[in-house]
Every structure is written in C-alpha cells, then in structure tokens.
Amino acid sequence: IADKFSHSNIVCVDNELFETPNTAASLFVALQKMKGPFYLMDGDLLFDHSLLRRLKNDDHENVMIVDTDINKLDEEAMKVASDNAGKILRRGKHIPVKEAGGEFIGLAKFSGAWCDLLKKEMIQIQDQKKLDNLYYEDVISGLLLNGPPLHILPVKNGQWAEVDTAEEYHFAISSLSPWGEGRVRGRANND
C-alpha cells in the first residue's frame with residue numbers, strides 16, 4: 001500500500017493484537033501512530049466511493065454514516081439513536097430496534113479532538129486489561145456524553161455491504177456499482 005500510494009501520507013501498522021476478539025484493540029494500535037483528524041473504515045465494508053466523498057465534504061468534524069432505512073434493522077445491527085439535529089445520543093447493538101434511527105455502517109470521520117479523546121480513553125481501558133473484550137463502538141459510545149458532538153450523515157438505501165463470508169462477498173461484488181449492475185443496502189445476508 002505504501003509503495004502504490006507513495007504520494008499519500010500512509011503509515012502501515014502491524015497489529016500484534018490481531019487475534020484479540022473485538023475491534024477496540026485494532027483501533028487502539030492504529031491510534032498510537034496517529035494525531036489529528038482521521039477516517040475510520042471497517043475492514044469488512046464494501047461501499048460506493050460516493051459515500052466517502054459525501055463524508056469528506058460533510059460540514060461536521062465528527063460524523064458517522066448511518067443507513068436510515070429502519071425497515072431493515074435487526075438485533076445484530078450497530079444501531080444509532082440521534083436527536084432532530086442529527087447529533088448521536090446513543091449507539092450500539094443493545095438499542096432496541098424501535099428506538100433506533102438507523103444503522104452505523106462502519107464509515108466515519110473524526111477530528112483531532114476525538115482522536116486524542118479516544119487515545120486517552122483506550123490507554124486507560126488497556127491499563128485495566130479490558131480492551132480485549134470491547135468493540136471500538138463501545139468505546140465511542142462511552143464518550144458520547146462528554147466528547148465533542150458526533151453527528152450522523154444519513155443515507156437511505158445506500159450503496160454498502162458488510163462482508164463476513166465468501167457468499168456475502170460474492171453477493172456484494174455482484175450488487176455494488178461499479179462492480180455490478182444492481183445496488184445493495186445493508187448486510188448482504190439479510191437482503
């Protein structure tokens with residue numbers, strides 16, 4: 001990656017905590033090499049590049065892309081509840097479907113202030129040896145009340161898919177533009 005995109009400021013980080021069961025440890029390792037604003041993209045996410053452009057151009061410093069098609073929500077979705085201005089109030093799988101306004105798709109941008117806040121919080125959690133059992137979304141959720149505002153960037157029937165299996169990958173590739181003719185929304189195994 002560093003060779004192919006040598007004109008970009010890309011730093012590759014080896015994650016010795018790779019076998020840790022949840023995602024907070026992976027973000028923790030990456031944050032140790034970062035300062036300033038950053039984009040977060042889940043590794044199992046395929047998405048139309050227009051979503052990244054919309055994220056980049058959004059006026060908010062801290063924003064998460066949320067698919068607001070609530071008819072597709074289930075208990076496994078990383079659900080989001082926000083106020084009328086789009087400020088995220090709660091997020092997580094524990095939010096009842098009827099209280100959620102959508103699903104976080106795994107694509108976000110954060111300011112330098114959020115970067116520093118996440119680093120500080122994750123260092124404290126790691127010192128308590130509790131980071132292994134957390135998703136990064138859990139850490140973010142714990143900071144929503146005291147951190148800088150975090151907003152949603154709503155998409156409905158957006159062009160994205162979470163890919164956890166070979167079948168989901170093949171479905172996503174055949175459904176997402178520019179690779180396929182159709183469009184997909186949400187986790188491929190549910191559509």
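Q: What does contact mean here?
A: Contact means heavy atoms within 4.5 Å. Keep in mind that this is a predicted model.

Q: OK. Which residues does Cys115 touch, leaving out those up to four places away in sequence?
A: Cys115 touches Leu31, Met34, Lys35, Gly36 and Phe38.

Q: How far apart are the C-alpha atoms of Cys115 and Met34?
A: They are separated by 7.8 Å. Along the chain, the two residues are 81 apart.

Q: And where does Cys115 sit?
A: Cys115 is in helix H3.

Q: Is Cys115 buried or exposed, and why?
A: Cys115 counts as buried because its relative accessibility is 0%. The cut-off for buried is under 20%.

Q: Zooming out, how many helices and strands are there in the protein?
A: There are 5 helices and 8 strands. From the N terminus on, the order is α-β-β-α-β-β-β-β-α-α-β-β-α.

Q: How much of the protein is buried?
A: Of the 191 residues, 42% are buried.

Q: What about the largest nonpolar core?
A: That core has 27 residues. Phe110 and Met122 have the most contacts inside it.

Q: Which elements each supply at least two residues of this core?
A: Helix H1, strands S1, S3 and S6, and helices H3 and H4 do. H3 gives the most, with 5 residues.

Q: How does S1 run relative to S6, and how many bridges join them?
A: S1 and S6 run antiparallel, joined by 4 bridges. In S6, Lys109 is the bridge partner of Tyr39.

Q: New topic: the surface. Which residues make the nonpolar patch of about 290 Å²?
A: Ile1, Phe5 and Ile10 make that patch.

Q: Where does Ile1 lie?
A: Ile1 lies in the segment before helix H1. Ile1 is exposed, with a relative accessible area of 67%.

Q: What is the accessible surface of the protein?
A: The accessible surface comes to about 11,000 Å². Carbon and sulfur atoms account for 50% of that surface.

Note on methods:
Residues are numbered from 1 along each chain as its sequence is written. This is a predicted model: local features need pLDDT of at least 70, side-chain atom pairs count only at pLDDT 80 or more; totals for chains, interfaces and linings use all residues. Side-chain values use heavy atoms; hydrogens and water are left out. Patches are made of residues with over 30% relative accessible area and no salt bridge: like charges are joined within 9 Å, nonpolar side chains (Val, Leu, Ile, Met, Phe, Trp, Tyr) within 5 Å. Accessible areas come from the Shrake-Rupley method with a 1.4 Å probe; for residues, only the protein chains shown count as cover. A salt bridge is a side-chain nitrogen of Lys or Arg within 4 Å of a carboxyl oxygen of Asp or Glu. Buried means under 20% relative accessible area, exposed over 50%, partly exposed in between (1.4 Å probe, protein chains only). A nonpolar core is a set of buried Ala, Val, Leu, Ile, Met, Phe, Trp, Tyr and Cys residues joined through side-chain atoms within 4.5 Å. Two strands pair if DSSP finds at least two bridges between them.
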